[in-house]
Amino acid sequence: MPEQKGADCPAHCLHFLRWRLRLSGDATEAIYIETEATYIEGYLAVKIHAGLLMTSALIAMSAGTARAENVTTETAPAGTAYADATDWSGIYAGLHVGFADGAATQGEQWVPGFEAGFELDGLLAGGQVGALAQFGNFVLGVQGDVSGGGLSGNYDFGFGPFPNISMEVNWLASLTARGGVAFDSVLLYGLAGLAVADTAIKYPGGSADPTYTGYTAGAGVALKLNANWSVFGEYAYYGLGEQEFDGDTYDLSLSSGKVGLNYKF
């Protein structure tokens, strides 16, 4: 069997062998030349086919890499949005509404067994501004808020209210420190700080407008709606101390419940 040299022969050898076949007059040599040419043609076909397969594979790998890069780029913002929606740090401001009740209790009781004073209740509405900083799951901050509304009541010393003696809370303000624990988009917190209440009192023959100062303490829960907006519910107690008017002292204390909406800048 003739030695097969097609694997070592470049493609242009095929043309050379065809010319030898035309010029050869020997039958044996012609068969040998034809065998060599056929082998080379098959070898070249295999090489071309293999080249096409490798090219296709490279194109497919490039397309897959590009798709993977696109997926990474598209999903990154979602993770960022989630982080923003669970981060409580920042400056915020908002509005609230609520209800409060309490009493301005008279220091000297006229009738034993009855607690004389002003019985107060009514709606509140106002605003707040504050700042928070988050350290892991712990959140610390400070807030100032002011409320006004229809918090008022009449004097009662045990036998029913006097319609011509009344007390009204013009506004109620506080400056509180806050601390809590965040569970992703939910924040549980407590608060404590200073409180001020401006009041107006009317009675036959006169009026007074004492300003009470004291403390407040309470707790609440807040829920983030997205990276900027959050809602909250909060309870607070106000111990506002004593003020004197018309020859007697009155100790003011209130409890309030609020719900509200905040925007983080």
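Residues are numbered from 1 along each chain as its sequence is written, and side-chain values use heavy atoms, with hydrogens and water left out. Because the model is predicted, local features need pLDDT of at least 70 and side-chain atom pairs count only at pLDDT 80 or more, while totals for chains, interfaces and linings use all residues.

A nonpolar core here is a set of buried Ala, Val, Leu, Ile, Met, Phe, Trp, Tyr and Cys residues joined through side-chain atoms within 4.5 Å. Buried means under 20% relative accessible area, exposed over 50%, and partly exposed in between (1.4 Å probe, protein chains only). The largest nonpolar core has 26 residues, of which Phe118, Leu240 and Leu252 touch the most other members. Two or more residues of this core come from each of strands E1 (90-106), E2 (117-135), E5 (161-183), E6 (186-203), E9 (229-245) and E10 (248-264). Strands (E, at least two residues) are DSSP runs, numbered from the N terminus. Another core, of 10 residues, lies apart from the largest one and includes Ala182, Tyr189, Ala222 and Phe232.

Contact means heavy atoms within 4.5 Å. Leaving aside neighbours within four places in sequence, Leu252 has contacts that include Ala103, Leu120, Met167, Ala197, Tyr212 and Leu240.

The whole structure holds two salt bridges, each a side-chain nitrogen of Lys or Arg within 4 Å of a carboxyl oxygen of Asp or Glu. In one, Lys258 pairs with Asp145, the closest N and O atoms being 3.5 Å apart. This pair links strand E10, which holds Lys258, to Asp145 in strand E3 (residues 138-149), 113 residues apart. Lys258 counts as buried at 5% relative accessibility, as does Asp145 at 4%. Glu234 and Arg178 form a salt bridge with an N to O distance of 3.0 Å. Here strand E9 provides Glu234 and strand E5 provides Arg178, 56 residues apart. Glu234 is buried at 9%, and Arg178 is buried, also with 9%.

Rings of Phe, Tyr and Trp (its six-membered ring) pair if their centres lie within 6.5 Å; planes under 30 degrees apart count as stacked, over 60 as edge-to-face and the rest as tilted. The count comes to eight aromatic pairs. Tyr215 and Tyr237 form a tilted pair, 6.2 Å centre to centre with 50° between the planes. Tyr215 is in strand E8 (residues 211-224) and Tyr237 in strand E9, so the pair ties together parts 22 residues apart in sequence. Phe118, Tyr155, Phe162, Phe245 and Tyr250 form one aromatic cluster.

How values were computed
Helices (H or I, at least four residues) and strands (E, at least two) are DSSP runs, numbered from the N terminus.
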